[in-house]
Amino acid sequence: MPATAAAKIPPEERLLNLVVALIATDQGLTKDTILTSVAGYREQSEAGASKDALEKMFERDKESLRGLGVPIETIGDWADPDDLREARYRVPSAEYELPEDIEFTPAELALLNLAGGVWSESSMSDDARSGLRKIRALGDLVDEPIIGFSPRLNPRDPAFPALHQAIEASRVVTFPYLKPGEDTPRTRRIQPLALVEYEARWHVFGIDLDVHADRTFLLSRIVGPVALARGSFDPVLREGAGERALAGLEEVASRNSALLEVNPGTEAALRLARRAIRAEQGIRVPYVDVHIFADELASYGPEVRVVEPADLRDRVIERLVITRDAHGGTS
């Protein structure tokens, strides 16, 4: 059945299929072409998803990929570049093409071919290959191996497969969840309704049966196996769950923002600018979880400084001090 086929394409595979299609085109693909040709969207369309829902999915996927460092270019009308009604999208080939003066020895080429084979066999599904064949029919050349592109999608959290299966089967699950500041994980029992990616991290959204309320859990904080529990739930509850989850995360982010000073030309500037708003003193970046955001900012070291809020600044400093002390640094 079409609905079942659509459910089998996980979000991270849809993102990979989109990246491959956008790399494969020189002239760019229109939104309509993407929604009807790229695996992950095509199945949803065939299953009866509305065009509005598919377009919203595509817009979220674009932002997710840009947040992960994939440069998606929007090409407007040649006569009026600001007219985006028939916009086309692509990943510029110059971002991943190797310079013409680079040469490899036979041994190096063998290693590259081996690495490419492992990548394609583990990451590219039959639907992705079928998608490439469809792109060929549009007149784009995709025969050259895409060895210059290294996918930067985060690997699945260990809990992802079990939660994905439980969602499809509409089954209740339990898992141990460790919140920041707590020494012992608590067992959570939920009806899992959707897996969503936000700020390059995966979350599971569902109904917490112990508090009888919607809750969103960060997969990286699930510290043990996800187990099926007794009981199932009506699949109708899954309808619109992903949209509700993302809306909730965006609402939280709208209430929390950090004023940052970032060194130009650095990794921090590149990554943070994708979700930042310019401010008089640096940039302002919304965030959902202060602990996760502090981890990210600390990883940039001296490239970024937190102006406000003070709580976030203190947490970043605490992480930097721990890192310094762990490496034998002094005050």
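I started with helix α12 (residues 310-326), which lies across β9 and β12 and runs at about 150 degrees to β12. For that angle, axes are lines fitted to C-alpha atoms, for helices over the stretch in contact, and angles run from 0 to 180 degrees between N-to-C directions. Helices (H or I, at least four residues) and strands (E, at least two) are DSSP runs, numbered from the N terminus.

A note to myself on the source: this is a predicted model, where local features need pLDDT of at least 70, side-chain atom pairs count only at pLDDT 80 or more, and totals for chains, interfaces and linings use all residues. Residues are numbered from 1 along each chain as its sequence is written, and side-chain values use heavy atoms, with hydrogens and water left out.

Next I traced the sheet. I found four strands in an open, antiparallel sheet, ordered β10-β11-β9-β12. At its edges sit β10 (277-279) and β12 (304-308), each pairing on one side only. Neighbouring strands are turned by 40 degrees against each other on average, direction ignored. Pairing here needs at least two DSSP bridges between two strands.

I then zoomed in on β10 and β11 (residues 282-286), an antiparallel pair joined by three bridges. Ala279 has Gly282 in β11 as its bridge partner. Helix α11 (residues 290-299) packs on the sheet and touches β9 (257-262), β11 and β12; contact means heavy atoms within 4.5 Å. The direction of α11 makes about 0 degrees with that of β9.

Last, I looked up Arg42, which is in helix α4 (residues 42-46).
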